[in-house]
Amino acid sequence: MAVRLGKAQATAESALAEAARILAGSRLALLTGTGSDVAGARAALRLAERIGGAVDFRRDPALLALDALMAERGLIFTTPAEARARADSLLLIGPGVARSAMLAQVLKGTPLLAAPDGAERTTLWLCPGSAADTLPGFGIQDYGGDLSAIHGILALLNAAMRGHPAPGQGFGGLAPGIFEDIAGRLITARYGVVAFSPADLDALAMEALLSFVQALNQTTRAALLPVSSDAGTQTFAHVSGWLTGFPPRTGFMAGAPDYDPWRFDATRLIECGECDALLWLSSFEASAPPWRTKLPLIVICPPGAQFVRPPEVLIETAIPGNEADAEFWSEASQSLVAVKAAGPTGGLTAAAALTGILDRLETSSR
Amino acid sequence: MIRLKGGRILDPANGRDEIGDLFIEAGRIAAPPPDPEAAARSYDLAGKIVMAGGVAMHGGLAGPNANAARALMRDAAPGTVGGIGLAYAAIGMTTAIEPALIPEHAVETHLQLGDIPFIDKAALALLGNDDALLRLIGEQHGERAIDDFLGWTIGQTQALGIAAVNPGGAAAFKDNLRAFAFEDVVPGYGVSARQIVEALIGSVQRLGLPPALHLECNNPDRPGSFVTAIEAMEAAAGLPLHLAQIQRHGFGAEGAEGFSSASAFLAEALAYHKNVSVDAGPMLFGARVALSADPARQFERSAGAGKWVVWDGEGNGGGAVPDRASETDYRHAIQWAVGLELCLLIDDPWRLALTADPAALPQIIQWLMDADARAECIARLPKPAMAMCLLPKLDREFSLYEIAAVTRAAPARILGLADRGQLGIGAVADIAVYGEQADKAAMFAAPDYVFKDGELIVEAGKVKASRVGRTLRARPVAQGQIASWLAQHDEALYGRAAGSFAVPDAFAGAESCFGDVPCRT
């Protein structure tokens, strides 16, 4: 694993010292990227706190919208394992669910807990779009529907559940009877699960879906199953939650963490010129920042990233769970897991690199 | 060696209430040296009260339900693990328990516990709504299989003991049962809450886990809930059992509102069932977030709440529901009174652990020690509610010695933590020193000194040293024969490897944070 200063090979020691020098000289450093494992996220937050930096590891607006829904309305949800074992009625919304390995695991299971007598699961798919036919073999009933009309569709679904019929001509590519059909199936289900990818829905649509499931629970049981897969950002959000009280986006300029998704949006900070140094942390994948910027750049990621211009400091690190033992978010269980390295390399971890930078800041400030 | 000189030592575990010296060496309470004046450091504690560091029995410290509460509190001041540790340490509590570790979230729970500074922690693993246990009971696999499963669960989750919250009721809620009484049967398993409780009590006893089963009974907060708690006491049949959050089971159905105090019945039953200990968490009025691993109860609570989180897990799940306890609300007034009544009516302090949010504990101690302070609050509450309570008639006032018992000695003994909650030679040098004041809330909110493992961590409200404590766990001997059954079970039902949530002895890049607590023999 390489360490570089610009184009030149360097020692880890010199790279850590140079990174510390850049951060110490910055007025507002931005820490961003695709996230890290628990130890990496913890070290990044300590570093951000020390330098009064801004942190954005929640660059996906869909996940921000899900965070906001949780904070403002709450959520009613279940786990993938319970959905697999119990859901006798499964409603999929949008094409994004098809990309989820976790959802495939749910579909593979038999709902033994809902139907000990051997009744089968009904799986419906609304607005599958281009992903229709991508989950063959699960007996999914494709209802069609136009994702761009999802707000109206969910409104009519909510209305149908409360006994109000849909307009005679249908809506959003769906025949009028479909709304009552879907609502009826979930109302009569023993345990219904509604799976969606936040990437397919905006805040309003997710809220409508939550209302639908909340109302179902007045008479039967149902739960949401948000499908999200990004180990690095999900891990970061969890660690940030217990250490700071907030998921990213946060700033530490005032010492105490300040949660502000608009102000600490990485793209906005860079485009407005509010930050003057950039630390890109991407522990699970070799990736480079998407912005064209002249800001001094520190990159901590596995080997293989392609850069428009070489970063001032590049520290390549071991992939968590693959090359180094680590704890991180598991899509399959939607929880944090501890994973032994498949092939430990003894390479530098992100946490070690970030702690190394922090140590050099402490030394230089004495 | 450190000398704590001339304080009034209140140490119920060793029967001490006397002016004397304490000596600390290598993080432990040491025998007095031949020459006490030779101690490297000496604190003059004349006129001060010296107690062991407090043991908080029922914390709600970590895990997915704490995360949910944090998300819902984003606009207020969400708690952090740093804040939790500081809040306990600042009032002289040096050990706190997460009473509802959800096995599937054991890794995150322990990561969070590990990041809580200052204090020692431990977690109790939740069972009793999970398919594996219900099946082992329902299909009559026998005691050995159940013991094996509990032992395996403790090992995977690095827990100190076993807890159950609404046993059977959270599973039944997934089958749309909204209430679940002690003799009710979980659909699909043919297993009642009674059978689950009996199986867990017996197995915990056979394994010799340090704490007895930590049980939050079914149907909390409801009129008539005291009956369920008494049924659980009877089910224990003389074996050790701990009933958690007992104040939620202190309600009868008397009066015009059909909601009344039944704490006298509970206290009487407890006087009879000497094998049963309890923790009681009297409440404060004001904004709060109800945190629980019981999704059924959380859903019931959510009616009328603006925002709430409820989730179903493979076993318990849970949720968070913000609300406000109001002094003008009849039910809230009864709930407030019942929490205090139970503490005042239970005459054996060894079986009572006082437990509350650290921000609330000093006020609750004041109410227990000062009948006038209680009367002041009673005067503000609805008279019809107070007419259905005993509290206005109770004049008992706790002594400092009794407070030391219910906040230190008793919870440590109930949890099986022999090395703390007491100030005997060899005990962990967790010590809180308070300046005696008439205002007990002020006194217990601001200790003069707090020592953890012999290190001064708080002095006059200021942090003197930051440190990270240990997470206490038990290591029962389990046969391990359940592993192949579990592997098949988890693969068939959940499509996962059994123990995919296992907590390693040390997290990546860190030293082990665990401390082992011996099992009972």
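This is a predicted model: local features need pLDDT of at least 70, side-chain atom pairs count only at pLDDT 80 or more; totals for chains, interfaces and linings use all residues.

Biologist: What makes the pair A:R86 and B:D175 a salt bridge?

Modeller: The closest N and O atoms of the two are 3.7 Å apart. The cut-off for a side-chain nitrogen of Lys or Arg and a carboxyl oxygen of Asp or Glu is within 4 Å.

Biologist: How many salt bridges cross the interface of chain A and chain B?

Modeller: The rule finds five there. Over all chains, the structure holds 55.

Biologist: And which parts of chain A supply the side that touches chain B?

Modeller: Several elements give at least two residues each, among them α2 (38-51), α3 (61-72), β5 (74-78) and α9 (231-244) of chain A. By class, that side of chain A has 22 nonpolar, 15 polar and 11 charged residues. In total the contact takes 48 residues from chain A and 47 residues from chain B.

Biologist: How much area do chain A and chain B bury between them?

Modeller: About 3,900 Å², with 54% of it on carbon and sulfur atoms. There are also 24 residue pairs in polar contact between the two chains, both residues being at pLDDT 80 or more.

Biologist: How do you know that β5(A) pairs with strand β18 of chain B?

Modeller: Count the bridges: five join β5(A) to β18 (residues 308-312) of chain B. Pairing takes at least two bridges, so five is enough. The two strands run parallel, and A:T78 stands opposite B:D312 in β18(B).

Biologist: What about β1 and β2 of chain A, how do they pair?

Modeller: Strand β1 (residues 3-5) and β2(A) pair in the antiparallel sense over two bridges. The rule asks for at least two, so they pass. A:L5 stands opposite A:A8 in β2(A).

Biologist: Why do β2 and β12 of chain A count as edges?

Modeller: Look at their sheet, nine strands in the order β2-β1-β15-β14-β13-β3-β4-β11-β12 of chain A, with mixed pairing. β2 (8-9) and β12 (258-259) each have a single partner strand, so one side of each lacks a neighbour in the sheet.

Biologist: What makes A:D133 stand out?

Modeller: Most residues other than glycine have a negative phi. A:D133 has a positive phi of about 75° although it is not a glycine. You'll find A:D133 in the loop between β7 (122-126) and β8 (141-144) of chain A.

Biologist: Which kind of peptide bond joins A:P248 and A:R249?

Modeller: A cis one, with omega about 25°. Most peptide bonds are trans. A:R249 lies in the loop between α9 and β11 (250-251) of chain A.

Notes: Residues are numbered from 1 along each chain as its sequence is written. Chains are lettered from A and ligands numbered from 1 in the order in which they are written. Side-chain values use heavy atoms; hydrogens and water are left out. Contact means heavy atoms within 4.5 Å. Buried area is the accessible area (1.4 Å probe) that two parts lose on being put together, summed over both. A polar contact is a pair of N or O atoms within 3.5 Å; within protein, one must be able to donate a hydrogen and the other to accept it, and residues adjacent in sequence count only if both atoms are side-chain atoms. Helices (H or I, at least four residues) and strands (E, at least two) are DSSP runs, numbered from the N terminus. Ala, Val, Leu, Ile, Met, Phe, Trp, Tyr, Cys and Pro count as nonpolar, Asp, Glu, Lys and Arg as charged, and the others, Gly among them, as polar.
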